[in-house]
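Please open the structure in your viewer and keep the selection panel at hand.

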Amino acid sequence: MGGVVLFIILIIVVLWIVASCIRIVPQAYAVVLERLGAYQATWGTGVHFKMPFIERVARKVNLKEQVVDFPPQPVITKDNVTMQIDTVVYFQITDPKLYAYGVENPIMAIENLSATTLRNIIGDMELDETLTSRETINTRMRASLDEATDPWGIKVNRVELKNIIPPAAIQDAMEKQMKAERERREAILRAEGEKRSTILVAEGKKQSAILDAEAEKQAAILRAEAQKERMIREAEGQAEAVLKVQQATAEGLRMIKAAEADDAVLTLKSLEAMGKIADGRATKIIIPSNLQGIAGLAASLKEIVSDQEPAGGSEE
């Protein structure tokens, strides 16, 4: 019975040893293997077997990009202003062997290296330049850290300044400066707005005056044209009236001539004409003293009728 128990124990020990010699390396990880204390190999993703007792896993390395947020570090600028700056470092392990054997504590080494590098860079800059040169500081720090950590199998991808904390007095002065700058910009914007408003009002008045002048000009032109049309119509009416009077006179003379009026009739017509003249505003009428004068006047009228008869009078 004791032999059976011993055999079972032996089987369990063998299975445990065999199981311990099988290692499964997951994705994005690497395993550093040592044989009798010396580096033997680096295992990648997959299933691996090691020799019992003489080989061991020295270190399991994470190959993914890692982020380390370091606490604020005191730095002094070129113009002797002390401020606190904390950095964030993005790094990735590219060589597991160098990472395992290059430095004792890689994260602490990177922290101390970033602190000294940051002090060197900020020491060459003044306060205003430091606050406005984040990208320059990030680039210089990344290049310096990447070069320094290369023997450790670490590649620094990015370095970012998370916070820049100047002293309280400097912060107050900066806030006052920013407030004054905002007030100055506000005053400039207000002045620009008032200037544009004044210009627009003046332009509006100018356009209104121009439109009023144009309207008055058009009205004057229309009035002149209307008066001209009225005068033309009046002149045409007067001309037409005169023409009709002349036509009526000529027609009367033709009728008298056609009737072959004698001197007595002409004398009578002369007397009628004198009567019409007397109906006017004249207060004195001169009448010939004898009928011979009237007969002479009648003969003159007859000659006038003969002269005014048109050349085509032979149409009777």
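Start by selecting Glu-181 and Arg-184, whose side chains meet in a salt bridge at 2.4 Å, N to O. Keep in mind as you look that this is a predicted model. Both residues sit in helix α6 (residues 168-258), three residues apart, about one turn of the helix. Colour by accessibility and you will find Glu-181 partly exposed at 28% relative accessible area, with Arg-184 also partly exposed, at 44%.

Next, pick Glu-216 and Arg-223: their side chains form another salt bridge, at 3.5 Å, N to O. Glu-216 counts as partly exposed, with 49% relative accessibility.

Zoom in on Lys-155 and Asp-146, where the N to O distance is 3.8 Å. Is each end of this pair buried or partly exposed? Lys-155 is partly exposed at 38%, whereas Asp-146 is buried at 17%. The model has 11 salt bridges in total.

Then turn to the largest nonpolar core, which has 30 residues. Show Ile-85, Val-89, Ile-110, Leu-118, Ile-137, Met-141 and Leu-161, the members that touch the most others in it. At least two core residues come from each of β8 (82-93), α2 (96-102), α3 (106-122), α5 (134-149) and β9 (154-165).

Conventions:
Residues numbered from 1 in each chain as written. Predicted model: local features only at pLDDT ≥ 70, side-chain atom pairs only at ≥ 80, totals over all residues. Heavy atoms only, no water. Core = buried A, V, L, I, M, F, W, Y, C linked by side-chain atoms within 4.5 Å. Buried < 20%, exposed > 50% of the residue type's maximum accessible area, 1.4 Å probe, protein only. Helix = DSSP H or I, 4+ residues; strand = E, 2+ residues; numbered from the N terminus. Salt bridge = Lys/Arg side-chain N within 4 Å of Asp/Glu carboxyl O.
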